[in-house]
Amino acid sequence: MMDCKKALTETDGDLDAAVDWLRTKGLAAAAKKAGRVAAEGLVGVATREGAGVVVEVNAETDFVARNEDFQKFAAEITELCFETGDDMEALKSVPYPGTERNVGEELNHLIATIGENMGLRRAASLEVSPGVVAHYVHNSVKPGLGKIGVIVALKSEGDHGVLGDLGKQIAMHVAAAMPLAVSADEVDAESVERERAVLTEQARESGKPENVIEKMVEGRLRKYFETVALLEQTFVIDGESKVKKVLDDWAKDAGAPIEVTGFVRFALGEGIEREEKDFASEVAEQVGA
């Protein structure tokens, strides 16, 4: 609606001219595709001195994720997130490099050019000082672009080379182990209470007294934290050490204590309800039937 209003303003209320304006900007084509599920695409990741960003850019098919124009767009958007952080509306209004369009307009132009619905779904950023923000990309199609992106902030006055190497390993661990929080204390209280309720009901089925049940639940909660809290997890790289011990061990090489102050993990399309189609309907849609 806002695009239509802008079109009418730009053309002094001339409806035919407004339609042409929308077509020229690619907005009419984009609007037709806006209702289609876009769960594929790319996750972009980039880091700088003490800062890192991760962003998810969606398309309808994995085929488009291999398109060079789409990959260039995702890479540019990732770099622009250093300016806007997780504010997607601010990102859409930023001038797109090498054009007279902003990011939102460039997205619509890309939709019209490639012919699929696309979207800027989410972004996040981390900063740390002193220290390093490291990253890892899984199923990478190009440097900084892939299916899973992770950034990890390590706060330390230690050697940056050591911190960078450790940070990449921690980021790889986060990609594989999917922790919910850095420490047990930071796990979402609602998630903890939900888990406690389930464990309590399971323990009561044993028929033991309430004081015993309480101890059983607390013991099982500790096990739960070992699966969801990064510092309590078993490090996937060596398969035996807790992550918190790994930090202590690497601190000796770094020459200073190391603290994980945050991490972000984006997996492409997670949480998006994908539309199930049969082969015939997909072909019909492609040919415009």
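**View 1. Three strands, E4, E6 and E7, form an open sheet in this predicted model.** The order is E4-E6-E7, and the pairing is antiparallel. Strands are DSSP runs of E with at least two residues, numbered from the N terminus. Two strands pair if DSSP finds at least two bridges between them. E4 (131-138) and E7 (259-267) stand at the edges with a single partner strand each, so one side of each has no neighbour in the sheet. On average, neighbouring strands are turned by 10° against each other, direction ignored. Axes here are lines fitted to C-alpha atoms.

This is a predicted model: local features need pLDDT of at least 70, side-chain atom pairs count only at pLDDT 80 or more, and totals for chains, interfaces and linings use all residues. Residues are numbered from 1 along each chain as its sequence is written, and side-chain values use heavy atoms, with hydrogens and water left out.

**View 2. Strand E6 (residues 148-155) pairs with E7.** The pairing is antiparallel and runs over 8 bridges. Ile 148 has Ala 267 of E7 as its bridge partner.

**View 3. Tyr 224 and Phe 225 make a tilted ring pair.** Rings of Phe, Tyr and Trp (its six-membered ring) pair if their centres lie within 6.5 Å; planes under 30 degrees apart count as stacked, over 60 as edge-to-face and the rest as tilted. The whole structure holds 2 aromatic pairs. In this one, the centres are 5.6 Å apart and the planes stand at 50°, so the pair is tilted.

**View 4. Two arginines sit over phenylalanine rings.** The cut-offs: CZ of Arg (or NZ of Lys) within 6 Å of the ring centre and within 35 degrees of the ring normal. The charged end of Arg 48 is 3.9 Å from the ring centre of Phe 82. Arg 122 lies over the face of Phe 266, 4.0 Å from the ring centre.

Key
Helices (H or I, at least four residues) and strands (E, at least two) are DSSP runs, numbered from the N terminus. Axes are lines fitted to C-alpha atoms, for helices over the stretch in contact, and angles run from 0 to 180 degrees between N-to-C directions.
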